[in-house]
Structure formats: structure tokens, C-alpha cells
Amino acid sequence: MNADTLHQAIAAARDGRRDDARALLLHLLEADPRNERAWLWLSGVVDDPEDVKICLENVLALNPSNPRARQGLEWLHARMGLPLPPLPPPDQTGSRLEREIDPRTLSVARLRAYRTTLAVVEPVAPPRPKPDPISTPVPSTPQNRTVATRANPAPMPPTSAPPPATARTAVAVPSTTPARRLAAVAPVDDATIPCPYCGAPTVETQRRCTQCGGNLLVRVAPSDERSPIVQALVWMWRGGAVVVLLIALVFPVMGVLLYQEAPANGFPIGILIPAVILALVALIGFSVAQQLAQRAAWALYLAAGLTTVGLIGALALAMRPDTLTAMLDRLTGATSIPSAWLPPLMAGARLIAIGAGVAHLAAIALTIAGYDAIVGRLERFRHILKPSDHLTHYNNGVALKNRGMWYVAALEWEWAVKKAPYDVTYLRALGLAYARLKQFDKARSMIDRALQAAPDNPGLREDRALIERLASQEQR
């Protein structure tokens, strides 16, 4: 049961459903507080830095050799400007140090942001030995998350490989003294979100940045789940195509009846023209329905256009059904339509036109209602920074820069520089991004570092001169 819950939570986290993942993980940990993987995944879906710290400490309490939890705790303390409490390293045999673990340190009640009362937890003195420092960054917290697209899902810590099989032991959870508590850090202001273009503070409801005018909304990819509205629209198109095909068969039948009335005049070939046109319209309708079922955006636009044209035609025929008889007279040529046929033809044409008008209005309503399910809905752009290798961060930054999002591009390139601090390409890109954001001191620092690595690069000197020109223009 616990394994199924964990798998559901991981799937929800990978899909970006952080609230669902957090609820499942908390429910699992209430029943099994020693689930190492659950604590590790929970650290990626809680928002408060102290809650992230608690989750990572619990992972290390259960498994001091977990590298991702250790890296995450180091990154978090470095981000908060706090010293990292030392952790007990494995002994020479590779086994864990045997210590008693305080069950309260693994309590879900420690997560202050998701409970009603705060449990008092006694700090446990950290052991003296210190492990070698690790500088690899880890899962996102509110300090390293930036605004972006429901495109990318929330960053989650990948599952680490299990430690070597040893005796079932545990260590005391490392805790900080009251002076080191993360509660002393100023809380993150969730009401403002940096603009992805210029970094200016914005609010959730803004559509455009007041500082740079950038569009803060993006079209989010539609869900993989089938929408009942889209299904209704598909079946309406299929049903409409069948009806049009049946109407097309009326004209050949009418031609046969006219031929029987006046065989000397021959078969009226012209009356087959509307039959052919309606058959083509039916074929197009089936194709549009098929593409709508596959949620092709262009098919939705085509469907909207064809529905509008069909509605206009249906309204025109409902108001002037006599135009149908006039058209048939021209198509039949020498074979005139008997006068006894005219009243039922006009009545039938008007009835079909009214029904077609109602069906087209319903199709237009479904097209509008199903727009988001096919094309995708507009949401506030949120860029979620997921720690990866330096090349991935650099390529992510290039893609964002190509969209004019210099602020979030700079965030990606900062991580690329952290991973590869002497790469001239990364330093140059980050320096130009800082210059674009009018952070000229940082821009100079990056280009100067690149010049130290490649002093003969003429492009870097041109970039340095460009930064000085931009800085002087800004000061005027």
C-alpha cells in the first residue's frame, strides 16, 4: 500500500501537481516516518525553506550516506548564508554509525507549514567529524525557483541509488542551534513574481510587465486527458458529415425522377453538380473530425471558419428558400421542375436550413468551449529552474534568450557558470545578459573572468567596451 502511494506521489510530482504529491507524501509519512524516498521527494514539493531543511535532515537521519540529501542541505545552507552542520561519515567498513534516532525528528508534525499545531523538537547535538564538502546544487526551493511555464514540471530530486546493504541502523538527525534556525531568514514574498524578461516584480494577475511591457502569459500545452467537450464537437462534425452525405444523395434521385417525367430531354447531368459539392463537403467534415479527435490546432481554426460559412449559408437559405428552386432550374436545363414539386421542395429546404442553423450555432459554442482543451489555455509564465549539467543550463538559457526572457536566461546561465566556472562561452553569455538587465557591475565581472581565461579573444574585449558604452548611456 505504501509503495503504491509513493508511486502515485512521484507521478504527481513529475506531472507538476505539487499539492497532490505533497498530500500523498504526508499521508504516507504519517504511517511510515522512516521512508527515506518519501522524505527526499517531499523536499521537492514543500515551499518553505525550513520545511525543505527538515525533509533533508530526516533523509540524512535515516541514511547519512545519501548524497542528494547531503548536497541539498549544503546548497540550502549556502543559500541562506548559514554554516552547514557536520554529518557523521561512514566508517572504514562502509557501514553506518550505530546511534539511536529520536523518533520525534522524523515526525510529520515538524512540517510547520502543513499542520495545525507546532510540535516542540529538542535539538540533537551534531557529531564532530566533518565530511568532505560537496558543491552540487539540488532540488528547488522558493529561493531558486523562478516564474515560468506549466510547461516544465516542478523540479524533483531523482531517486538515489540505495546504500550498500548493512545492518539496520540509524543516526541522530543533525539539528541547528536556535541561532542557526532558518526561521530567522526573511520569508519569501509569494505575492510578487519576477518578470521573466527584465526581473521587475509583478503580481499574479498581471498580463504584461509594467516595466518592460513583456507578455507574462503563455499558452500551456493541453492535458492528455480526453475532454468531453472536444469529443462532443468531434461527434457533431461526424454526424454533420453523414447528414450532408445523405442530402447529396437527394439530387441524383431527383435527376432520375425528372428523367422519368421527360425521358425525351435526357438525364439532367447538371443536377449532379450540387451532389458532388456536398460529397466533398462531407469528406472535409470527416477529415476535420478526425483531426479534432487528435487535437490539431489548425483543424479547430478550420472548423471555426467552415462553421461560420455554413451558418451564413443556412440563414440565407432559411430566409430565401426560393433560391434553391431557381438554382435547380438552371442546372436541369431543358428539363423543367414540375410545379407540383415546388411547395414541398421549398418547405423541405427551409426546414433543413433551420436545422442546419441550429446545429452550426451549437458547433460554434462547442468550438469556443473546447479551444483551451485543443490549443491550450493561457497561464502565467513560470520558469522552474531544475538543476542539471552545465550544457543543459546553457541551452535552456539560449532558448529563453531567443524569446527575449533575459532575466530567466541569466538564471540558467548562472548555474552553467557554477557548474563550469572557466567556460568562456558561459561567462560571456552571462555577462551580456547582466548588461541587458542593466546590472553592469556583474556584467563587467563576468567578462573580466572570461578575459582571464582567454586574454587574446577580441570578441570579449568588444563585449567589455559595449558594456561600458551601455553603462555610460544609462547614467545620462
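This briefing covers a pocket, a helix pair and an aromatic pair. The model is predicted, with local features requiring pLDDT of at least 70 and side-chain atom pairs pLDDT 80 or more, while totals for chains, interfaces and linings use all residues. Residues are numbered from 1 along each chain as its sequence is written, and side-chain values use heavy atoms, without hydrogens and water.

**Second largest pocket**
- The second largest pocket holds about 1400 Å³ of space (on a 1 Å grid over the protein atoms alone, an open set of points with protein on both sides within 12 Å along at least five of seven lines, where lining residues have an atom within 4 Å of a point).
- Among its 40 lining residues, Val244, Ile247, Leu278, Ala356 and His360 are the closest to the centre.
- Helix H6 (228–261) is one of the elements giving two or more residues to this lining, and H6 contributes the most, with twelve (helices are DSSP runs, H or I, of at least four residues).
- The lining comprises 30 nonpolar, ten polar and no charged residues.

**Helices H12 and H14**
- Helix H12 (residues 390–402) packs against helix H14 (residues 424–436) at about 35 degrees, with axes 11 Å apart (angles run from 0 to 180 degrees between N-to-C directions).
- His390, Leu391 and Tyr394 of H12 meet Thr425, Tyr426 and Ala429 of H14 (heavy atoms within 4.5 Å).
- These contact residues divide into four nonpolar, two polar and no charged.

**Aromatic pairs**
- Four aromatic pairs occur in the structure (ring centres within 6.5 Å; planes under 30 degrees apart are stacked, over 60 edge-to-face, the rest tilted).
- The rings of tyrosine 301 and tyrosine 371 are tilted, because their centres lie 6.3 Å apart with planes at 55 degrees.

Terms used. 1 Å grid on protein atoms, 1.4 Å probe; cavity = no way out; pocket = protein on both sides within 12 Å on 5 of 7 lines; lining within 4 Å. Points joined across faces, edges and corners; volume = space filled by probe spheres on them. Nonpolar A, V, L, I, M, F, W, Y, C, P; charged D, E, K, R; others polar. Phe/Tyr/Trp six-rings, centres within 6.5 Å; stacked < 30°, edge-to-face > 60°.
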